[in-house]
Amino acid sequence: MSKQHLGHTARKRFGQNFLHDNYIIDQIVSAIAPQKGQHMVEIGPGLGALTEPVCELIDKMTVVELDRDLAQRLRTHPFIASKLTIIEADALKFDFSQLLSDDEPLRIFGNLPYNISTPLMFHLFSFANKVQDMHFMLQKEVVSRLAAVPGNKNYGRLSVMAQYHCQVMPVLQVPPGAFNPPPKVDSAVVRLIPHQTKPVTLISEESLHKVCAQAFNQRRKTIRNSLKDSLTEQQLIDLDINPELRAENLSLQQYAQIANAYESLKQEQEQQ
């Protein structure tokens, strides 16, 4: 099949790779398991590979699409146009809380462009308390990073923040041939279920972001060095955290301890 799939040329700048393998599509839709009455939201519907089969199971859904031509195609789609609310917007900047009505939590899914997947995850985590679950097709490496445990080479800031906000469950692997044009990497589908109660208690989420960024931006250094702007070596020892460790050796619980200690110190200094 040529790149001109149904009259639409995949655009490099949007990172478009269109899903066309029906067996894989069925597996993804089964994993999402859309039900009538739920508020389904698709990011980047593209040519409707997931939109169409999901629409067959429900009465209405919302799609967020940046590409004007694709949004227009969906508006005039012969079978599903009447079921869709189409939002022409950049998902990275879109306020997903606008979509909430009747306190029905959002169920978000999509085959995400590789070039925005990591910043989009961080953006979506900020709406986690309004979301029932999320199912995304991502680069397999990104799914590995979301699910990685301490000590694993894929473990990083994305792992810590994702696991703070959500339960992370890899669902299935998808070969490049399922897409048109085929990407150069393997893909995978992940299920993210926001925690009803967060696994750790934080004084400030912002401070967790900050200490994770500091630690992982210099992941080869020991935390004695990478976190020196936040806590002293003695303060780490007082938390029962070995200052010789590197960023990838610390658990979410330990990052939460560091973030809370940092935030407490900051608040004390501000009060003085």
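**Helix packing and salt bridges**

In this predicted model, helix α7 (residues 205-217) and helix α10 (residues 252-271) have axes that come within 8 Å and cross at roughly 115°. Helices (H or I, at least four residues) and strands (E, at least two) are DSSP runs numbered from the N terminus.

Turning to the residues themselves, α7 contributes S207, L208, K210, V211, C212, A215 and F216, which meet L252, Y255, A256, I258, A259, Y262 and E263 of α10; contact means heavy atoms within 4.5 Å. Sorted by class, this contact holds eleven nonpolar, one polar and two charged residues (Ala, Val, Leu, Ile, Met, Phe, Trp, Tyr, Cys and Pro are nonpolar, Asp, Glu, Lys and Arg charged, and the others, Gly among them, polar).

One of the α10 contact residues, E263, also takes part in a salt bridge, its side chain meeting that of K266 at 3.7 Å, N to O. A salt bridge requires a side-chain nitrogen of Lys or Arg within 4 Å of a carboxyl oxygen of Asp or Glu. Because E263 and K266 lie three residues apart in helix α10, about one helical turn separates them. E263 is buried, at 7% relative accessibility, whereas K266 is partly exposed at 31%; buried means under 20% relative accessible area, exposed over 50%, and partly exposed in between (1.4 Å probe, protein chains only).

By this rule, seven salt bridges are counted. Among them, K93 pairs with D90 at 3.2 Å, N to O; K93 is exposed, at 68% relative accessibility, and D90 is partly exposed at 22%. In another, the closest N and O atoms of R224 and E233 are 3.0 Å apart. Both partners are partly exposed, R224 with a relative accessible area of 25% and E233 with 33%. R224 and E233 also join E244 in a network of salt bridges.

Residues are numbered from 1 along each chain as its sequence is written, and side-chain values use heavy atoms, leaving out hydrogens and water. As the model is predicted, local features need pLDDT of at least 70 and side-chain atom pairs count only at pLDDT 80 or more, while totals for chains, interfaces and linings use all residues.

Definitions and conventions
Axes fitted to C-alpha atoms, helices over the stretch in contact; angles between N-to-C directions.
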